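I opened the model to look up how side chains pair in it.

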Amino acid sequence: MTLPRLTRRALVAATAMAMGLAALPALAQEHTVRFSTAGPAGDFLYRGMELFAQTVAEANVGVTVETYPASSLFRQGTEVPAIQRGNLEMSTMAVPEIAAQIPEWGFLSRAFLFRDYDHMMEVMSGPIGEQMFEDVAEQMDIRILAVAYLGTRQVALREARDVTTPEDLNGLRLRMPGSPEWLLLGESLGVEPTPMAMPEVYVALQTGAIDGQENPMTIFNAARFYEVSEQVILTSHMVQPVFYAISRPFFDALSPDQQQTLRDAAQAGAAWNNEHRYADEQSVADRLVSEHGVRIDAVDLAPFYANADRVYAEADMVQEWNVELMHQIMGD
Ligand code: KDO
């Protein structure tokens with residue numbers, strides 16, 4: 001049966017329109033990723049996030065990334081619940097935020113767990129890291145796209161003092177981030193752990209509301225804590241990973257091309273952070289001394305290891321940890 005000319009033309013026009021419209025959503029459906037961190041804008045972590053955003057933009061796959069440093073969009077500690085409620089897409093999640101919902105992983109915030117950067121990255125990219133990523137996806141509805149090295153955390157004091165044992169730190173109000181694992185870590189160092197969000201720390205040091213804080217020296221530098229602190233004590237008490245964390249429902253709704261673009265960009269942003277952070281850590285102590293007159297004290301860590309062993313052995317929180325994995329990592 002031949003169709004009347006008009007109908008055939010109408011059919012062709014309708015088909016063309018349908019095909020055109022079918023193509024539109026993939027291009028027109030712009031997705032926006034809001035990416036929050038408590039990290040200072042000048043720090044390597046945020047600069048790696050900017051590279052992530054730029055890499056995604058250049059891929060032109062219909063995804064835009066907005067980056068928010070220094071808790072400018074969500075207060076530190078509120079990012080993960082915001083992601084889980086659909087009010088935020090990404091954050092630089094830390095282990096204590098995982099432990100708050102999956103306690104068996106709390107051991108990853110133990111003082112003196114990882115020996116150094118290579119050890120931490122080997123664990124995070126091996127079966128233990130893989131298991132944690134699976135648990136986070138299943139139980140928190142969050143996908144981890146990359147592991148960023150935040151640095152090796154050191155105690156820093158407002159006013160210098162001679163410190164050879166944790167007892168020398170007793171009674172000092174050392175600011176820690178707010179979760180229970182951080183406060184226990186502070187206890188293991190011998191201090192009076194004082195919970196406070198990162199953006200409030202500078203002024204608290206300036207006014208004497210706290211006696212010190214602990215962060216990697218690269219963050220101490222980026223946050224200009226040398227302006228309000230006299231001393232760094234090389235406790236090296238935590239070799240810290242943070243994670244490029246994204247809402248699982250948001251991510252899984254993207255096209256395979258968009259997902260791969262975000263994965264590749266996250267790896268690039270984290271790799272940039274890791275490479276520059278590690279390199280900077282080799283010289284930042286010398287620069288803090290020569291450029292800012294910071295006193296930097298090496299210390300025999302044996303008394304600190306012993307104090308930490310005692311505190312963690314007595315802590316109720318440890319009952320919920322997967323201590324088998326912890327001892328596997330520590331090799332003890
Ligand atoms: C901090 O608040 O001291 C801390 O270093 C804790 C880390 O877990 C991480 O949240 C970090 O802040 C932010 O990424 C900003 O540097």
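I counted a salt bridge wherever a side-chain nitrogen of Lys or Arg lies within 4 Å of a carboxyl oxygen of Asp or Glu. By that rule I get 14 salt bridges. The model is predicted, so I noted that local features need pLDDT of at least 70, that side-chain atom pairs count only at pLDDT 80 or more, and that totals for chains, interfaces and linings use all residues. Residues are numbered from 1 along each chain as its sequence is written, and side-chain values use heavy atoms, with hydrogens and water left out.

I looked up D211 and R173, whose side chains form a salt bridge at 2.9 Å, N to O. D211 sits in the loop between α8 (201-207) and β7 (212-216), and R173 in strand β5 (residues 173-176), 38 residues apart. Helices (H or I, at least four residues) and strands (E, at least two) are DSSP runs, numbered from the N terminus.

Next I took D252 and R248, a salt bridge at 3.4 Å, N to O. Both lie in helix α10 (residues 248-252), four residues apart, about one turn of the helix. Shared partners join E138, R143, R248 and D252 into one network of salt bridges.

For aromatic pairs I used ring centres of Phe, Tyr and Trp (its six-membered ring) within 6.5 Å; planes under 30 degrees apart are stacked, over 60 edge-to-face, the rest tilted. I find 11 aromatic pairs. F35 and F52 are edge-to-face, 5.6 Å centre to centre, with 80 degrees between the planes. F35 lies in strand β1 (residues 31-36) and F52 in helix α2 (residues 44-59), so this pair ties together parts 17 residues apart in sequence. Ring pairs link F35, F52 and Y244 into a cluster.
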